[in-house]
Amino acid sequence: MLDRIDTKLLELLQRDGPRSTAELGEAVGLSPSACHRRIRALEAEGYITGYTARLNPERIGLGLDVFVDISLTSQSEEALTAFESAVKSFDEILECQLLSGASDYRLRVAARNVADFDRLHRHCLSRLPGVAAMHSAFALRTIKAFEGYPITHDDRR
C-alpha cells in the first residue's frame, strides 16, 4: 500500500521526468539517500516499470496519429496469438489494446502524413493475420495528451 510520500514521488516522477534524488527528496521532505531507497523500493515492487522521454511526434516527422479498430475473422486462441505476435513486429504500431465491444482490437499508429499511412495500410495493417475488417480514424488535434495515471493513496494509513 502506498503512503503519502510514495504517492507524491510517483506523481513527480511520472509528470516531471528525470530529477535528481536531492530535488525529489526536497519536494517530499526526505534526504536524498532516503528518497533513493524509496524509489528503488517502488521499482522493486513493480510500481515503476521503466523510464522514458516523451517526444514531440511532429519534430521527429510523425505528425499523424491514426486509431484503427480491427475485427478478426476468429477469436480463437490461435487467431489472437497470431495477430498479437504480428502487431509486435511493426514499430509504427505504437499501441494495441484488446477490446470488448464491436471491435476486437484498437491500434494507435504513427505516420508522417496520409500518404505514409496509405503505405502502412497496404504493407503493414492489411497483412496482419486474421483481419476481417478495419476502421480508421485520424486524430485531428490532441486535446489532452497522456501525462500519467492518477495516483491516490489510502488516507487510513
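**Alanine 111 and beyond**

Modeller: Leaving out residues up to four places away in sequence, alanine 111 touches Gly61, Leu62, Gly63, Leu64, Asp116, Phe117 and Leu120, where contact means heavy atoms within 4.5 Å. This is a predicted model, in which local features need pLDDT of at least 70 and side-chain atom pairs count only at pLDDT 80 or more, while totals for chains, interfaces and linings use all residues. Residues are numbered from 1 along each chain as its sequence is written, and side-chain values use heavy atoms, with hydrogens and water left out.

Alanine 111 lies in strand 3, residues 105-111. Strands (E, at least two residues) and helices (H or I, at least four) are DSSP runs numbered from the N terminus. With a relative accessible area of 0%, alanine 111 is buried; buried means under 20% relative accessible area, exposed over 50% and partly exposed in between, with a 1.4 Å probe and protein chains only. One of its contacts, Gly63, is 48 residues away along the chain, with the two C-alpha atoms separated by 6.6 Å.

Tyr105 is among the contacts of leucine 80, together with Leu72 and Gln75, once neighbours within four places in sequence are set aside. Leucine 80 belongs to helix 4, residues 77-87, and counts as buried at 17% relative accessibility. Its C-alpha atom is 16 Å from that of serine 126, which is 46 residues away along the chain.

The cysteines come next. Searching the whole structure gives zero disulfides, a disulfide being a pair of cysteine sulfur atoms within 2.5 Å. For cysteine 96, the nearest cysteine sulfur is that of cysteine 124, 11 Å away. Seen from cysteine 124, the closest cysteine sulfur is in cysteine 96, and the distance is too far for a bond. Cysteine 124 is buried at 3% relative accessibility, whereas cysteine 96 is partly exposed at 32%.

That leaves the helix packing. Two packed helices are described by the angle between their axes and the distance between the axes. Here axes are lines fitted to C-alpha atoms, for helices over the stretch in contact, and angles run from 0 to 180 degrees between N-to-C directions. The axes of helix 1 (residues 4-16) and helix 3 (residues 32-44) cross at roughly 80° and come within 11 Å. Helix 1 is therefore roughly perpendicular to helix 3; that label covers 65 to 115 degrees, with under 35 roughly parallel, over 145 roughly antiparallel and the rest oblique. On the helix 1 side, Ile5, Asp6, Leu9, Leu10 and Leu13 meet Cys35, Arg38, Ile39 and Leu42 of helix 3. By class, this contact has seven nonpolar, no polar and two charged residues. Ala, Val, Leu, Ile, Met, Phe, Trp, Tyr, Cys and Pro count as nonpolar, Asp, Glu, Lys and Arg as charged, and the others, Gly among them, as polar. Aspartate 6 is buried at 11% relative accessibility; residues up to four places away aside, it touches Arg38 and Leu42.

Helix 1 also packs against helix 2 (residues 21-28), at an angle of about 130° with the axes 10 Å apart. That makes the pair oblique. Ile5, Lys8, Leu9, Leu12 and Leu13 of helix 1 make this contact with Leu24, Ala27 and Val28 of helix 2. Its classes are seven nonpolar, no polar and one charged.
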